[in-house]
Amino acid sequence: MSDPKDLPQDLIGPSAVRLEVHAGDWREAVRLAGALLSDDGIAGESYTEAMIRVVEEHGPYIVITPGFALAHARPDDSVSRTGMSFVRLAEPVTFGHETNDPVRIVMGMAATGDGAHQSAMANLAGVLADPERRAVLDDTEDPAAVLRALDADLPPVQTPRRTTESPDTARSAVTAGTSAVGGSADAPAAEDGTSATGPTVKSKNLILTVCGNGLGTSLFLKNTAEKVLDAWGWTPYLNVEATDTISAKGKAKDADLIFTSGAIAETLGDVGVPVHVIENFTSTDEIDGALRRLYDV
């Protein structure tokens, strides 16, 4: 049995689920998710408007996997408790995401503190990565079935290929002073200890996952990256930290690389380490491939 708030279902009740509703655009879709948070006594109207401003200011990074957006913002005074809502649209809307649009499912999430929802976010990432449970979320006409899908035990993770090297022995393609936003840090290291972009550097044993607020989508990326590192046997060597854009600029010098969305990568700019764009935040295959290129495994 899970502890309270360990699973997404622990943060959402039947009254916070609506299926086949109509929205004219992404703002209206986010407002629908926010209205459910308000109706359930989780957060007020000001929080809904804050969720919209996040997208207006940082772009559509909340669209974390095809067809799915996680609307959230920093907690304000109207957030009374941690909770979530679920809206499935009758017709999908576009947020402006290059690869994951259009969106049919919008979940709203409010948290009273940075740590109150972390386990639930990790488990939600597992739900979205499971084709059977994702199909339930996409197709069921029964709100109770949505809650059951969110509450199910997580399936075994599809294990990436294990590597026997540690970050200290694998020649890193992380090159000082370059960014992977333009693709410059994706080249593997050469046999002489250099990469196509310059000399390689010793691992700093830290990966940052970054979103606008450090509370929602960055936790999805952190969870997926940790699954890959665990499968490799690299968990003792690398720490993955979820953070926000402002903090990331200060922490980048202490990290090997940054995983984030395209929109947030543009906001970050050149921070002196590779900033690698991930399209599907729940894809272990995509992150596995990125890590192999960046660490020349």
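## Terms and basis

A residue is called buried when its relative accessible area is under 20%, exposed when it is over 50%, and partly exposed in between (1.4 Å probe, protein chains only). By that rule Trp234 is buried, with a relative accessible area of 0%.

This is a predicted model, in which local features need pLDDT of at least 70 and side-chain atom pairs count only at pLDDT 80 or more, while totals for chains, interfaces and linings use all residues. Residues are numbered from 1 along each chain as its sequence is written, and side-chain values use heavy atoms, with hydrogens and water left out.

## Confidence

The predictor's confidence in each residue is given as pLDDT, from 0 to 100. The chain has a mean pLDDT of 83, and 78% of its residues reach 70 or more. Over residues 1-5 the pLDDT is below 50, and this stretch has ten contacts in the model beyond near neighbours in sequence; a contact means heavy atoms within 4.5 Å. Residues 154-159 also have pLDDT below 50, with ten contacts beyond near neighbours in sequence.

## The chain as a whole

The chain contains nine helices and eleven strands. Helices (H or I, at least four residues) and strands (E, at least two) are DSSP runs, numbered from the N terminus. Of the 297 residues, 55% count as buried. Among contacts with a separation of 6 or more, 69% are between residues 24 or more positions apart.

Strand β8 covers residues 206-211, and six of its six residues are buried, so the strand is largely enclosed by the rest of the structure. Leu206, Leu208 and Val210 lie on one side, and Ile207, Thr209 and Cys211 on the other.

Two strands pair if DSSP finds at least two bridges between them. β8 pairs in the parallel sense with β9 (residues 239-244) over six bridges, and Val210 has Thr243 of β9 as its bridge partner. β8 also pairs in the parallel sense with β10 (residues 257-260), over three bridges. There, Ile207 has Leu257 as its bridge partner.

## Aromatic cluster

Rings of Phe, Tyr and Trp (its six-membered ring) pair if their centres lie within 6.5 Å; planes under 30 degrees apart count as stacked, over 60 as edge-to-face and the rest as tilted. The count by this rule comes to three aromatic pairs. One of them joins Trp232 and Trp234 edge-to-face, at 4.9 Å centre to centre and 85 degrees between the planes. Trp234 and Tyr295 form another edge-to-face pair, with 5.5 Å centre to centre and 85 degrees between the planes.

The pair of Trp234 and Tyr295 links distant parts of the chain, 61 residues apart: Trp234 is in the loop between α6 (217-232) and β9, and Tyr295 is in the segment after α9 (284-294). Ring pairs link Trp232, Trp234 and Tyr295 into a cluster. Trp232 is buried, at 1% relative accessible area, and Tyr295 is buried as well.

## Backbone exceptions

Most residues other than glycine have a negative phi, and most peptide bonds are trans. Asp101 and Pro102 are joined by a cis peptide bond, with omega about -5 degrees. Pro102 lies in the loop between β4 (83-93) and β5 (103-110).

Glu20, which is not a glycine, has a positive phi of about 55 degrees. Glu20 is in strand β1 (residues 17-21) and is partly exposed at 34% relative accessibility. Asn205, also not a glycine, has a positive phi of about 65 degrees. Asn205 sits in the loop between β7 (198-199) and β8 and is partly exposed at 28% relative accessibility.
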